[in-house]
Amino acid sequence: MSNFELFAWLVPIAPLIGCLVCAVLSFRGDTRIAHVPAIASLLISALAAVAMLFQWNAESSDTGFGLAQGYRYLEIGGVNLNLTLRIDTLCLTLLSVVTSISAMIAIYSKGYMHSDPGYARYFAVFCGFVFSMTMLVLSHNLLMMYAFWEGVGTCSYLLIGFWFRKPSAARAATKAFLVNRIADTAFLFGIMLLSYAIGFTDVGAGKDWFARLDFQTIFDAVPVIASKHGELLTLVGFLLMIGAIGKSAQFPFHVWLPDAMEGPTPVSALIHAATMVTAGVYLMARLAPLTTLTPSVLITVAWLGGITSLIAAIMALYQDDLKRVLAYSTVSQLGYLFMALGTGAVKDLMTVAVVAAMFHLVTHAFFKALLFLSAGNVMHAMGDVIDMREFSGLKRVLPKTNILFAIGAAALAGVPLLSGFFSKDGVLGVIADASSDTMVGSHFTMLLGVGFVTALLTATYTSKAYFKTFHGVEKIPAAAGHHAHEASAVMLAPMAVLAVGAVVVGGLLGPTGRISEYVSKTPLLHHHEHHEPMWLLVTSSLIAIAGVVAGYGLSRRTPSSDGLLKAVAEFGKNRLYIDWLYGRLIVEPMLWVSRLLEWFDTQVVGAITEAVAGLPRVLGLAGQRVQTGRIPSYSFLTAVGIAAVAIWIVTRANW
Amino acid sequence: MNPFTIDPNRLPLVTGEQIPGTMSQLMLLVILLGAVSYLLLQHGVLKSKLIAAAGMGVFALAAALAVSLVPGQLDAVVRMCFSLLAVGGGLAFITAREPVHAALGFATAVLSTCGVLFMQSAYFIAAATMIVYAGATIIIFLFVLMFAQKSKLRTYDVELSHPIVATVVATALMFAIAWSVASPGEILPIKLDLTRPYSLAVPGEDPGKQMPPMPSTATSAEEYAAFVPSKTSGLGRSMFTDYLLAIELAGTVLLVATIGAIVLAQRTERDAT
Amino acid sequence: MNYSEVQNLLLLGGIMFAIGLIGFLTRRSLILMFLSLETMLSGVSLNLIVFSKVHHNYQGQILAVMVLTIAACEAAIALAMVVSLFRRKPTLDVQAWDELSETIMPKSLDEDYEGLEQEEHYPPLTPAGLDPLNRPVSGGLQTSAGISSEKMSGAGAGTAEVK
């Protein structure tokens, strides 16, 4: 096995082993040493990923990607389900981000989850999650990716509902899983349809239904399908898009992400900021060769992303819970990613779109994780109180967290020269490019406006949250008790690493063109030089600064009693009533149907079962009446038998 | 070579001839009337003795008619009297209210049956039946009745359990018997039973296998055809030669029954009376 | 013997058997049930004897002997059982022994039969004889037993030597 194959397999296998060891430890009820195997395995995985990032040379292989052979997982009826890893630059980009951030957050978790009874279980599921995520990123086959898609969903469910005895946590976990399930059903239909369609091309004709879904086969086959059955491909694209949207919490499916904040904060940082929710973006990026042939899908994606980012930003403005603000912020930023990907609808812009999306994904991972961990510090210090109305002016109590949160918030707001500025600029730049296209440019013009408004709102709510939490009159809630001190070093160190990343990654990768060069080495993406126009840079800087000022102003104001604003505030606080709508339209009819079925099951099926079960008793009772225990009746029956036999003999015998 | 040849003309029953099924309708009527009269005799079924007596009269008339169809030889008449007495005794036995009356009816029935047996030349069996049934059995029953019967009539003496159904079943059985008796089909020829060689002298055989001939032994086909098994000595001989094992076993059963009766009737410690 | 004779006798055996069957099925007293059994057996042995005469050999009679033997044994055992059952419950009712039952039947009555109309009407009779103490006997009648009380006390010693 060559070097890169070893590294490639090391990346997922190390967390898997860590997961198993921690699972064993959790059965033994360990609460002290479980972090050791977890952190060790995650560090190994991160090192292997980063090593591959720097060493793997895309030009060395003729196909532009490498395959690390795995083993045959299952053979069903002649179909081989092979676990093979596909490595190309796109995958390596995300992989190194995922693994390194996971390692950082694991180190942070050691401090945060200290003395929790489910300590070992936490790390077991954590490592399991990282295993599934890395396998998802590394998978060479769409169906295999779907399997690990479900895997990350399951680990997310387990982690959101980590404190499962709390009813709200259990409900949130179920909600996340169910909403994802709905999206994944569409995803599965898309996969099946694609496999079926590929079967009719010459490329896929000779292959079984699993091998047809290899990414390489898909990429080879889709031009053929597009030329003959364009509508089919569009349908497939829509279905796959729904899957991506579900996982990445975009407009119709975004309802699960804010509730997912019931889980521990490091979980929110890892899964719902940096890694899992990016899986949807990664899927769309991976299937770029497919989606370039279906522009309508991309335009839909872009609009959904735009709508999501706008409404999420509005909702974030009116939340009181710090983590919820960050959750909506994540949703909003993911909307940006989808907007960027959507610009691939314009001819020749696909590469730039993917580059922009991946760039913003990377930087967003860093600063969002940093923000979440800071919120975790605040929560830890305030005794699990996270409602911003309960505390304020914490810069004296939590000085280092103050600085780290400020860095993250500035990056998120797009303050010039921090990483968020460059990556957001990249997104807005590609949308601006797309808006000049003749056919679909009008969509992107509107989306550009949406992007600017969202950028303003982002800066506003971020700075509002920052100023509300750390500045102003110092107020500490009673529940904090003796917790109200700065976090320990083990929690601050990874945050520092992430802060460094949040600051420099943008500058290092964006303007230098490194990331665009790197990602373009992915097969079927062509290198494309792209520079953002100057007016865009200036505009976004101004927007960022304006937003920060507005946020500062909002944080100082007491809640206004103005009628219109209050109504908007109520609307935003209740999440635009989307959850309420879902409850009415979907959940209640389901409950009604389930009540009906329960009635049927108890009254009809149950009654039949009871009747059948009662039948032996009835038969027994009928037969019981013969046994009177009295000799006359028994002898009478005997006499009847004798008489019957005698008559039978007499009438039948031939003398 | 079989020295015995059966002369069909000397045999009372013609071989190979089909006896046509002539179940006399009168037989049927007699059976039915008997069943009905039995039911009517139940205490409480008919309040009026007049109707019961009328019914009995009709039955008697039917029986007399049946009797009148029988050829009027003396032994037939005597046999018919004995039969009627036996049936009457049986009916009295099953309809009587007092148990002692029932025992008397039983004795009458048994004695009449013995009379019929005497007429069939089964003298020993008749005597033994008289001694065992009408003698020993009745006496034992009367002894038990003596200590077990209350002075007044009890419910269980008078009340019958499902009389109508029992009568129906017995009537059905009687129909079957009457039908099979009335239509026997082909009567098989009477064979000299050579499986039991000892009670018959077999002339011409090895002298070691011969038994001294007795007056009742049939030694030829003609004698066999005219043979009537009436001699007790012949019965005894047949018992202890052909059926020795059966008789010995019967004796053993009697011994066991004796021991059993003693053991069962013993007063155990629990029955502290 | 012709066939009609055989037929009649077989019918008689059948009738005896049927009578015994009815008696066994309907009677409730243990003794009478066993008597019915004996009636059945006697019908069977009559049947056997008839066939013995038909077949001109002793086989039927031997079997009748066996039947007789078994009937006697059965009577002995049956009566012993009646005796031991009677010790448990002082009744001859066969419906009293119904513990091995699955159905709960109403208890059968075992009491004095009340439907008995009093048929025994004995005409009232005058007491037999005359009371010697109160109704003096007319003269001439010398009875050895009829001694008046006066004479008794006075002439007790005088009539001692009367033989």
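Let me start with how the elements are assigned: helices (H or I, at least four residues) and strands (E, at least two) are DSSP runs, numbered from the N terminus. What you see is a predicted model, in which local features need pLDDT of at least 70 and side-chain atom pairs count only at pLDDT 80 or more, while totals for chains, interfaces and linings use all residues. Residues are numbered from 1 along each chain as its sequence is written, chains are lettered from A and ligands numbered from 1 in the order in which they are written, and side-chain values use heavy atoms, with hydrogens and water left out.

On that basis, chain C has 4 helices and 0 strands, and its elements read α-α-α-α from the N terminus on. Of its 163 residues, 47% count as buried, where buried means under 20% relative accessible area, exposed over 50%, and partly exposed in between, with a 1.4 Å probe and protein chains only. Taking contact as heavy atoms within 4.5 Å, residues 24 or more positions apart account for 51% of the contacts in chain C with a separation of 6 or more.

Now to the rings. Rings of Phe, Tyr and Trp (its six-membered ring) pair if their centres lie within 6.5 Å, and planes under 30 degrees apart count as stacked, over 60 as edge-to-face and the rest as tilted. Over all chains there are 21 aromatic pairs. One of them joins F215(A) and F219(A), which are stacked at 6.1 Å centre to centre with 25 degrees between the planes. Why are these two separated by about one helical turn? Because they are 4 residues apart in helix 8 (residues 215-228) of chain A. F215(A) is buried at 0% relative accessibility, and F219(A) is buried too, with a relative accessible area of 7%.

A charge sits over a ring if NZ of Lys or CZ of Arg is within 6 Å of the ring centre and within 35 degrees of the ring normal. R286(A) lies over the face of F215(A), 5.3 Å from the ring centre, and in chain C the charged end of K89(C) sits over the ring of W97(C), 4.9 Å from its centre.

Elsewhere in chain A, ring pairs link Y119(A), Y122(A), F123(A), F126(A), F162(A) and W163(A) into a cluster.
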